[in-house]
Every structure is written in structure tokens, then in C-alpha cells.
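Open the model in your viewer and keep the selection tool at hand. Here is a short tour, stop by stop.

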Amino acid sequence: MCDEMPADVRSSLGQLLAEARKAATEGDPETATSLLASAHTVATNKLPDGHRRDRLRHGCQAAKQAFPDGKLAVAYISAMERRLPEG
């Protein structure tokens with residue numbers, strides 16, 4: 001299946017997104033944006049072409065663009081976390 005996610009990639013993305021959500025919730029958009037950029041890079045470089053990769057990359061961009069609305073950014077990040085397979 002071209003949309004599979006290796007366990008180490010899932011773990012990395014999960015950690016980056018959780019930390020980005022926390023930073024956005026705490027009103028730290030700079031840290032959240034940096035973490036989202038890292039998650040975007042991981043998705044780009046480590047996931048195979050497919051719907052999941054495209055959606056995660058789009059979600060990272062949308063969440064970054066949502067600032068200064070931290071609540072909207074958190075909603076985007078939470079939606080991406082739900083797209084990750086169970087670890």
C-alpha cells in the first residue's frame with residue numbers, strides 16, 4: 001500500500017504535532033510554526049506519495065497560516081493528529 005506510514009515516522013510526526021499543539025495552545029506561535037515546518041519536512045521526505053502525505057503537508061501549511069488565531073491553528077493540528085495511524 002503506497003499510503004503506509006513507518007512506525008518511526010509516525011512517532012516523529014506525532015511528537016512534532018503534539019508539541020506544536022501545546023505551543024499554539026500556550027500562545028507561542030513562533031515555536032509552533034517551527035515545529036510545523038519540521039513536521040512538513042518529515043512528511044515530505046519520509047512519507048510515500050499519497051493522500052495521507054498530501055493531507056499532512058497541507059495541514060502543516062494551513063496551521064502555520066492560521067496564526068495569529070491560535071485556536072484555529074490548534075484545530076488544524078488536532079485534525080492532523082487524528083490522521084496519524086494508531087501507534
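Select helix 2, residues 29–46. Helices here are DSSP runs (H or I, at least four residues), numbered from the N terminus. At 1.5 Å a residue, its 18 residues should span 26 Å, and the end C-alpha atoms are 25 Å apart, which agrees. The expected span is 1.5 Å times one less than the number of residues.

This is a predicted model: local features need pLDDT of at least 70, side-chain atom pairs count only at pLDDT 80 or more, and totals for chains, interfaces and linings use all residues. Residues are numbered from 1 along each chain as its sequence is written, and side-chain values use heavy atoms, leaving out hydrogens and water.

Next, colour the buried residues of helix 2: Ala-32, Leu-35, Leu-36, Ala-39, His-40, Val-42 and Ala-43. Buried means under 20% relative accessible area, exposed over 50% (1.4 Å probe, protein chains only). Look down the helix 2 axis: the buried residues fall within an arc of 160 degrees, so they line one face. The arc uses directions from the helix axis to the C-beta atoms. Turn to the face away from the buried side for exposed Glu-30 and Asn-45.

What do the buried residues of helix 2 pack against? Show helix 1 (7–25), helix 3 (51–66) and helix 4.

Zoom in on Ala-43, in helix 2. Its relative accessible area is 1%. Beyond neighbours within four places in sequence, Ala-43 is in contact (heavy atoms within 4.5 Å) with Leu-13, Arg-53, Leu-56 and Arg-57.

Last stop: Glu-81, in helix 4 (residues 70–83). A polar atom of the Glu-81 side chain lies 3.4 Å from the backbone nitrogen of Ala-18.

Definitions and conventions:
Helix = DSSP H or I, 4+ residues; strand = E, 2+ residues; numbered from the N terminus. Polar contact = N/O pair within 3.5 Å; in protein donor to acceptor, adjacent residues only side chain to side chain.
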